[in-house]
Amino acid sequence: MKWTRVWLSLCTTIIVAVSLAGHARAAPYVPDEMSGYAIGGHDPVAYFIDGRPRKGKPSHEFLWGGVVWIFVNKGNMEAFKDAPNVYAPLFAGCDAFSLSEGYATEGNPLVFAFVQGRLLFFFSDVNRFLFLSEHDELMQRARKNAGKTGCAANRPN
């Protein structure tokens, strides 16, 4: 199991490093290139309510953290307005496993988990598996690296 983890981690690190060479995060929540919305147009509150990602509607949008967020309904939008740091993904949507390894990779809104009551995104299912296998230790490491990599752990209200 240990060698499998090391091998998977090494492969993921190499692939991500090569594909993202020269890319830096300019803002804590970077809008999706296709939709222009935070977290690819998914409603951050829906992860908590429905347990899955759901696309928001442009009729329910709110500007926070320098980017527009959209929601499934007005209730979800109001819940987010009242407590954005509760619902927004931790680490500004960066992959939690990559952060624990010391570098930033954009998380995929479709590959997520809840750890310590917080929504986390991951670049891949492999990264999600590796992170969850040792989530307490890796969460501490990810928190330490978040500021250094441009993946702010929290944004002010």
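I take helices (H or I, at least four residues) and strands (E, at least two) as DSSP runs, numbered from the N terminus. The model is predicted, so I keep local features to pLDDT of at least 70 and side-chain atom pairs to pLDDT 80 or more, while totals for chains, interfaces and linings use all residues. Residues are numbered from 1 along each chain as its sequence is written, and side-chain values use heavy atoms, with hydrogens and water left out.

**Entry: Cys-94.** I looked up Cys-94 and found it in the loop between helix H4 (84-87) and helix H5 (96-101). Is Cys-94 buried or exposed? Cys-94 counts as buried because its relative accessibility is 0%. My classes are buried under 20% relative accessible area, exposed over 50%, and partly exposed in between (1.4 Å probe, protein chains only). I then checked Glu-106: it sits 12 residues from Cys-94 in sequence, and the C-alpha to C-alpha distance is 4.5 Å.

**Entry: second largest pocket.** Glu-106 turned up again here. Together with Val-30, Ile-39, Gly-40 and Gly-107, Glu-106 lies nearest the centre of the second largest pocket, which 15 residues line. On a 1 Å grid over the protein atoms alone, I call a pocket an open set of points where a 1.4 Å probe fits, with protein on both sides within 12 Å along at least five of seven lines; lining residues have an atom within 4 Å of a point. I noted about 190 Å³ for this pocket. That volume is the space filled by probe spheres set on the points, with grid points joined across faces, edges and corners.

**Entry: strands.** Two strands pair if DSSP finds at least two bridges between them. I followed S1 (residues 57-64) into S2, and they pair in the antiparallel sense over five bridges. They form a hairpin with two residues between the strands, and Gly-65 in the turn has a positive phi of about 65°. Leu-63 stands opposite Val-68 in S2. S2 (residues 67-71) is mostly covered, with four of its five residues buried.

Next I took S3 (residues 108-115) and S4 (residues 118-122), an antiparallel pair with five bridges. Phe-112 has Phe-121 in S4 as its bridge partner. Two residues separate S3 from S4 in their hairpin, where Gln-116 in the turn has a positive phi of about 55°.

**Entry: whole chain.** I read the order as α-α-β-β-α-α-α-β-β-α-α, with seven helices and four strands. Of the 157 residues, 43% count as buried.
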